[in-house]
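Dear colleague,

Please find below the structure that I am handing over to you.

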Amino acid sequence: MQAIELTINGESLKTTVDPRTTLADFLREQADARSIHLGCEHGVCGGCTIVINGKIARSCIALAVAMGGAEIWTLEGMRDDPAIVQLRDSFHRCHGLQCGYCTPGMLITARDIIARYGNPEERILREALAGNICRCTGYAGIVKAVQHAAVRLEQHPNDASGATSLEAVSPR
Amino acid sequence: MNATTPLSSKKGIGSSILRNEDERLLAGRSSFIADISQPGMWEVAFLRSPVAHAHIISVQKPQGAQNRVFLLDDLGEVLPIRADSQAKGFRRSDYPALAQDKVRFVGEPIAICLGCTRAEAEDLAAQVVVEFDELPAVSDLSQCRDPAYPPIHPGWTDNLFLETHIDVGDVEAARAKAAVTLTHEYRMNRQAIVSLEGRGVMTYLDERTGELVVYSSTQFPHVIRTALAHCLNMKERELRVVAPEVGGSFGVKNNLNPEEIALAALTRRVRKPLRWIEDRREHLTASPHAREHRYQVTVHADSNGVVLGLEASIDVDAGAYSVWPWTAPMESGMAIGFLPGPYAITNYRATARTCASNKSPMGPYRGVGRPGACFAIERTMEELAAHLGLDPIEVRARNYVRPDQFPWKSAGGKTYDIGDYQASAVAVRRMIRPERVAALRERYAGTDYEIGLGYATYLEQTAHGTAEWVQRGLPVVFGYEQAALQMTPDGMLIIDVPIQNHGQGLETTLAQVANEELGIDPAHVVVRHGDTSLAPYGMGTFASRSMVMSGGAVGCASALLAKKILKIGAHLLQVSVDDVRLEDGFVAVNAPGGAKVSLTEIAVAAFLRPERLPDGVDPGLSVVASYRTSKDSGAWSYGTHAALVAVDKGTGLVKILDYVIAHDCGTIVNPMIVDGQMMGGLAQGIGTALYEEMPYNFDGQPLASTFMDYLVPGASEMPQTTIEHLSLPSPITRYGIKGMGEGGAISPPASICNAVNNALRRLGASVNETPMTPERIIRALMDADAGKAGA
Amino acid sequence: MKPGALTYFRAESVQQAVDLLVAGGMDAKVLAGGQSLVPMLNLRMVAAERLVDISAVPALKAWSADSNQVRIGACNTHEQIQLGEVADPSNGLMPKVAAAIAYQAVRNRGTIGGSLALADPSADWVTTMAALGATIEWEGPDGPSSSPAEEFVAAAYTTRLGMSDLLTGIRIPRLDPDAKWGTYKICRKTGEFAHAMAMVIRAPKASRAFLGATDGAPIRLPHTEQVVGDLRDWQAAHAKVLSDAMDADLGASGRELTDVQIWQSRTCLLRSVQMSFGVEAIQPESV
């Protein structure tokens, strides 16, 4: 077991961890971050996508022991983030989910897409969603939902600086 | 979009209301099987066979781990999974919960290993030493009768589960009269099913209730309970099966799994909570597989393209064991039964062989045998059209069963209820605009791109009843549903149903049915499902049955409840029951500005203030109802798909430029949800057509064990799509609803393959195999070049 | 799929990292972004009793540039290159390649050094560094060393790195401002590994042409480079000459490609040359 100290959803945590524990398993167990869903454990499906140090990342292929000093946000901690709030509404209205298993990863990736690209054309949007697999929706509702949210966030950017880099749009 | 029906109200049948189930899923806070745990729980890793076919000589547990590694004999009284088809000549394959004498596919479970963490359990599994005496592996269905390969199961003389035949009409006469006879081979390769969440089981003993509790990511908890009770020799009341939130299934969670039996038996023995979460490698290699069909089809037609007769030879690779409850031959039975498709073919002769092999067993997957049958018949129709130089829709039109011919008893032995296939085909031809093809070909002339257009019409038998299941020869028959409804004292409605919602939106659509009968706001309706302790007995969600069957049960139950509510309401309003109606959460007098009383007030009277009830009306407001369709032959959805593609000869990649669907699923409860099911099915159909394959090598090793090798479509692989809804209400279901969850996945392999062949025809190249990988397309182009060079 | 037991060390300097690798011998593995290593650990395709995390070593994150070259530390991520946060010596080629690697979540953590050290034949940087004539640098128990990128990879997953060597950076000569490049790869779906790849750089002094995503090291195409160097524009007629040159190069290379690989590689090469002339590959659009 090795000691680590990191911040999860705004709260600092000091604990020990078996070095082989992935960040995904660590967060699910230690922080009740059950929004993290494991679909492959090799970094392809995107179901485990979270934010590490301001950037989206796969938690299934990060090791908890390597996260000393890191700032981690999961969907649980982003509940009141303006982009996530809008995306939840958009996914609901546009039927962007069916079974819900891919949804947390989709929301976090969608937030990053909007922060990076604003309201991209559909081809760019679909390519940017390539790292998140959905088996239920055929992506139709998801694409509509992200477009729906992008338009509304463009009109009413979050109350931070409105800059496009994710660091400025960090979840609060 | 034809969304409304005479029955519709703002939130009832026909409305695209938003889903009740979204909030918890959008918060990421629901509980899937990996979120369910118990104090003192051990994590399970299965030791799975690394070889495809072998005798087990010995199993050596690691030192000091005897109480954490368990074999079949350690599980106590356990019966194997026995899925016997009633069909004559079927050969039995008993499927043990853990392999004991023999392993029959790579990934077959041999031992359960326990650890405090899954990692530790895997460490333990790696230390178990198994000595195998390897046998030749049947790795291709062409080997199933080859004496060089030993029978996989005891008492078998070769590796064939079953052979069936159909011979109706007079095929020989058709052959003699035909102006054209064409024979082609078509092939769909094996694939995995890939729900995003894998399977999983958690078991524990609830000593308060005396139940062995089995949480399983399953589609049909009651049926699993019945099966487990049988395999473990327990009473049904001693078992509780719960499906938590389920992350997609599409059929892979619709079988009795050896893992379910093994964990339940072990918890019963060691009295510890246990949990197994299937990982992706297990899912790809060792969960039930799908789609592996081969067809040789001969069509006899006149010079107008009217089919006079059809012959077929069908082979299905059903893997190492017969899955329960479907049985190994169900897939080939559906293939042979559905091959005539929507066409009025009366002379039909076919043979279907269900082969056994040393591969993971084949189980149902969205569409089941129909994607293969549709592939074979729809390719045949377009080859026929091309051969005769006729328009493919025109040829179909000359062969479709006509609206005045229903009910139609097909040559495959099915009874089609109602349909207008031509309307769907004509609609789709209008939407795809075939006149564009010439202009597009000109635009891309001289480039690497060949443009093609292809169609495919499908039939989807849904919500079939008892007699149909009996005909299929399954060990259990389905064919009805139940629903339990209860009002709460504060005016909400709780619906307990044994179906299992895993993305279909049934927590919303069943509430819409309740709204239709009771006028209650769907937001005040809670649908609980997946728990054998809450819901009355029922069959679960599969075969596109839930909206019809469960919707029917909820409708019947709601109607019964409505009668009582109206009586109480009329009494409270002091008018005759003939003078009131249910609307928007109230019982209201049938006059403008009439008095009304809310459902909440009625519930208070029924539960808390029974002195307010009329004479002859008992307290309480709950009802259990069961429902069957008025005929058992199924409610037949159907539709036509069209694909416009550009085949890149330089890369072998296929780009879908436009995709259109015109389908008929009768009365639509929620158009938004129907569109979602269609798009999801289309994505999986595209997966089958272009991307998904589980190849096995000569030693029976599955070759695609991660998402690096096994590709599923992402957002960029989906085409722009237009869907049009036609609607001929079913004559045999309540509200005229038909199921539709699978149709989206049935046609795409056929429509896309037809389009690719249409594109490459002028080069003399053809592809008749899915997935149409770049390699297969390039090889087809090479073969065509070589053919020309040699000519 | 969970990893086997392992221990973890976080290095604070290159020297410390090398010492840790030496101490761990065969059981030591370098952890940078983890985007390739941790999946293999999860799958137990690789065992690592000792992980040496280099992601916090300042020297490995650094990069420097002068008028002749750019030197990029091994731990710079694909995203940093994609966004132009490190100087670009390649007239836009490297940011374009970076943007097409896998998915954004992987680009955010995956590193150029990690990708080169693993040497998966389909990895974009392996072919790109060879095409740019870069030099790979590393440190080991025997001190610092380097190799031209086009000689760095011997076979699939096999480089000139010794067991305890640590790839520290890549030195990339600046392209001539007039140099034009083109690259094309075949992926069956967005984000997956390439099945075939080509990269062409047309420069006044010397052109470079490579095939990647083969069974091993990238394949240099010297005849093809000469043909490319002589072209003044793109015409359909050039396809035959380029194709013949590629066949000659493949024949001389001693490398065995399947007929399908040759077909696809030819397509990638032709489209790369076209792109270097500013002729965009036709992409059929939805209609």
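The findings below concern chain B and then its interface with chain A.

Please bear in mind that this is a predicted model.

Chain B contains 19 helices together with 29 strands. Its radius of gyration is 27 Å, close to the 28 Å that the globule rule gives for 791 residues, so chain B is as compact as a globular protein of that length. Taken along the principal axes, the box filled by the C-alpha atoms of chain B is roughly 95 × 75 × 50 Å.

As to the interior, 67% of the 791 residues in chain B are buried. Among the contacts in chain B with a separation of 6 or more, 79% are between residues 24 or more positions apart.

The interface may be described as follows. In chain A, 41 residues are in contact with 48 residues of chain B. The two chains bury about 3,700 Å² between them, with 59% of that area on carbon and sulfur atoms. On the chain A side, the residues that lose the most area to chain B are A:Arg34, A:His95 and A:Arg135, which together account for 22% of what that side buries.

With kind regards

Terms used: Residues are numbered from 1 along each chain as its sequence is written. Chains are lettered from A and ligands numbered from 1 in the order in which they are written. This is a predicted model: local features need pLDDT of at least 70, side-chain atom pairs count only at pLDDT 80 or more; totals for chains, interfaces and linings use all residues. Side-chain values use heavy atoms; hydrogens and water are left out. Helices (H or I, at least four residues) and strands (E, at least two) are DSSP runs, numbered from the N terminus. The radius of gyration is taken over C-alpha atoms; the globule rule is 2.2 Å times the number of residues to the power 0.38. Buried means under 20% relative accessible area, exposed over 50%, partly exposed in between (1.4 Å probe, protein chains only). Contact means heavy atoms within 4.5 Å. Buried area is the accessible area (1.4 Å probe) that two parts lose on being put together, summed over both.
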